Amino acid sequence: MIRAVPAIAAMAGYALAELDAPGAVSLAQNESAFAPSPKALQAGQKALADAALYPDPDWTALRAAIASVHQIPADQILCGAGSMELIGAIIRAFAGPSDTVLGTEFGYLFAATASQQAGASHLRAPEPSLVVSVDLLLAAVTPDTRIVFLCNPGNPSGTRILNADILRLRDGLRDDILLVVDQAYGEFDDQNPADVLGLVTRGNTVVLRTFSKAYALASARVGWGYFPPAVASETRKLLNPNNITGVSQAMAAAAMQDQPHMQGIVRQTAAIAAAFTGRLRASGYEVPDSHTNFVLIRFADGGAAKRADAALRSAGFMLRGMAGYGLPECLRATIGTEAAMDAVATVLEHLEGDTDAP
């Protein structure tokens, strides 16, 4: 009987949220509570007419739209079927069995999965108080570290570090270490994106973003990254040459060009998140400041989190348990509509004895 190569046979598949409550409102996958730009929907409908053709392998219109908004060179942009494809390709291109990918304690778990796929080791630096520590990241670097993977703002914490800290991290790393800054929630962070994008000119930093969150295009599966030319050329070898459908490219390009719509989604999401967080904190829950479209809720212990999850599912809402991240006492709540978050807050306000964080 044929067997998979050892690195694959030894790993578990990447676990998505458990969506096992038919009819319930999912607040488990950090999808947008709001619809995409009408211009994106119109562009997608128009692009359906070309469904018989392969999509543009160079993402020409999409790259041009991204480059125009972010003031970066279009030829240094790579696009993927979600930023997950780009993460996997980067790690496979630059890390192998004798290398280490360094992340953070509560960083995006797919980086660990992609490292296993490449046969590389994956290490995590501690995150005291659920916030990335640049000093602890630098202290965790070893001679075999090839990639440092930073998710900022963080998932599942929702916390962030300042751009100045990211620059300090880059300054403290060896030149032969590739820094990957995953900014999937960057649009929800009020810092100037140009500060971090500027690191790419040094030749050893990649910045990733996605259309799944603030642009409300999770189903379209479009991510993008700004790459140094030498890193881009190696990474692109591992991308499917027709990775993003023509419909998705058209929708993403139109969405990028409709910045007012995206900014409106961000404002509405932030307002609902602030009201929801305020209610939970008033009831005694620990909720870190979030710069994303979700919040992390800490309960007294893992049992309390499970009881809250059961109560919420009974009320028709699915949040995401965080045991896989080493946070069994936490649930992560995507910010949904105002009505949904009011209902979730009401359920949690009526739980007794489970609000004291450890």
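Which residues does Lys213 touch, not counting residues up to four places away in sequence? In this predicted model, they are Gln29, Asn30, Ser32, Ala184, Tyr185, Phe188 and Asn293.

## Lys213

Lys213 sits in the loop that runs between β7 and β8. Its relative accessibility is 15%, so Lys213 counts as buried, the cut-off being under 20%. Ala184, one of the residues that Lys213 touches, is 29 residues away from Lys213 in sequence, while the two C-alpha atoms are 7.3 Å apart in space.

## The sheet

Seven strands form an open sheet with mixed pairing, in the order β2-β8-β7-β6-β5-β3-β4. β2 and β4 (121-125) stand at the edges and have a single partner strand each, so one side of each is left without a neighbour in the sheet. From one strand to the next, the twist averages 20°.

Strands of a sheet pair through backbone hydrogen bonds, and the pairing is either parallel or antiparallel. β2 and β8 (residues 223-226) run antiparallel and are joined by four bridges. Within this pair, Leu78 has Gly225 of β8 as its bridge partner.

## Helices on the sheet

Helix α3 (residues 60-70) packs on the sheet, where it touches β2, β7 and β8. The direction of α3 makes about 125° with that of β2.

Helix α4 also packs on the sheet, in contact with β2, β3 (100-104), β5 (145-151), β6, β7 and β8. Between the direction of α4 and that of β7 the angle is about 160°.

## Helix α9

Helix α9 covers residues 229-236, and its buried residues are Val231, Ala232 and Thr235. Seen down the axis of α9, these buried residues fall within an arc of 100°, so they line one face of the helix. Pro229 and Ala230, on the other side of α9, are exposed.

What do the buried residues of α9 pack against? Their partners are β2 (77-80), α4 (83-94), β6 (178-182) and β7 (205-210).

## Asp99

Asp99 is found in the loop between α4 and β3. Is Asp99 buried or exposed? With a relative accessibility of 16%, Asp99 counts as buried, because the limit for that class is under 20%.

The side chain of Asp99 reaches the backbone nitrogen of Gly96 at 2.8 Å. Leaving aside residues up to four places away in sequence, Asp99 touches Phe94, Ala120, Ser121, Asp144 and Arg146.

Technical notes:
Residues numbered from 1 in each chain as written. Predicted model: local features only at pLDDT ≥ 70, side-chain atom pairs only at ≥ 80, totals over all residues. Heavy atoms only, no water. Buried < 20%, exposed > 50% of the residue type's maximum accessible area, 1.4 Å probe, protein only. Helix = DSSP H or I, 4+ residues; strand = E, 2+ residues; numbered from the N terminus. Arc of directions from axis to C-beta. Contact = heavy atoms within 4.5 Å. Pairing = 2+ DSSP bridges. Axes fitted to C-alpha atoms, helices over the stretch in contact; angles between N-to-C directions. Polar contact = N/O pair within 3.5 Å; in protein donor to acceptor, adjacent residues only side chain to side chain.
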